[in-house]
Amino acid sequence: MTSNDQRGHGRRGIDDRSLTVKSLDVLAAFDTDHPDLTLSEVARRSQLPLTTVHRIVADLTDWGALERHPDGRYRVGLRLWEIAVHAPNAIPLRDSALPFMEDLYEVTHENIQLAVRDGLDVVFVERLAGRDAVGVHTRVGGRFGLSATGVGLVLLAHAPAAVQEDVLAGALPAWTDYTVVDARRLRGVLAQIRRPGYAISDRQVTDDAISLACPIVDGRGSVCAALSIVMHADTAQPTFLLPALRAAARGISRTIEVGGSVHIGHQIGAALQQ
């Protein structure tokens, strides 16, 4: 029996989820791999009867949380996005970070990514990418495991011990031949990240990309997010770009701490000249 089964059904096999929870399970049926679904597919993925799904989907569509396409399939609606952008942790961070990300992109022309940790996942808050930048699997609002990406490794290295142990005790997915899938080795990698204060993910997610990431620190001194540059593996210069990335991460951290806005484009450029 899956965790969804255990959550949704009582001891007699009767679905005891409230209507609110059922509606949320319907919305949760949509994800990156399943952006549009038929009613039958929603019913199967949410583990709800088709009649119940029909009623909930109709209400969600009327409200704007879902949209029905001419082919009869459903997608997440724009109104749900309008509500989601008010998430308190992500949006102020994004607003504070975006000027620094834009400056960093202007001097590197590489992928610039901003991410936070949610449980055992990385959630990408913002991403800037150029036409010639290396392709990545990530998208704004998308989730990824903590154990392979540059931002994920930074966030995992500074996560509470219980979170680290949960990740290390679980299955570590292999994306490429370079992905670290041995828990003992990953534990050593995390210790190495904490010392110099940055992470390099060398072709761990795709064979053609290297990610360089630094932590962002809030006013309490806690790592609240991570900023990364993702570049082509064959032309990457992580050591050269590290000062600029650190300057941007420090700028975001200061902005979060003081609640203000500081433009440090010249500092990033100067860092690259050193």
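This note covers the salt bridges of the predicted model.

1. Ground rules. Local features need pLDDT of at least 70, side-chain atom pairs count only at pLDDT 80 or more, and totals for chains, interfaces and linings use all residues. Residues are numbered from 1 along each chain as its sequence is written, and side-chain values use heavy atoms, with hydrogens and water left out.

2. Count. There are eleven salt bridges. The criterion is a side-chain nitrogen of Lys or Arg within 4 Å of a carboxyl oxygen of Asp or Glu.

3. Arg75 and Asp36. The closest N and O atoms of this salt bridge are 3.4 Å apart. Arg75 sits in strand β3 (residues 74-76) and Asp36 in strand β1 (residues 36-37), so the bridge ties together parts 39 residues apart in sequence. Strands (E, at least two residues) are DSSP runs, numbered from the N terminus. Asp36 is buried, at 18% relative accessibility. Arg75 is partly exposed, at 38%. Buried means under 20% relative accessible area, exposed over 50%, partly exposed in between (1.4 Å probe, protein chains only).

4. Network. Asp36 and Arg75 also belong to a network of salt bridges with Glu41 and Arg73.

5. Arg143 and Asp121. Here the closest N and O atoms are 3.2 Å apart. Arg143 is in strand β6 (residues 143-145) and Asp121 in strand β5 (residues 121-128); the pair links distant parts of the chain, 22 residues apart. Arg143 is partly exposed at 46%. Asp121 is partly exposed at 28%.

6. Asp202 and Arg203. This salt bridge has its closest N and O atoms 2.8 Å apart. Asp202 is partly exposed, at 31%. Arg203 is partly exposed, at 23%.

Technical notes
Helices (H or I, at least four residues) and strands (E, at least two) are DSSP runs, numbered from the N terminus.
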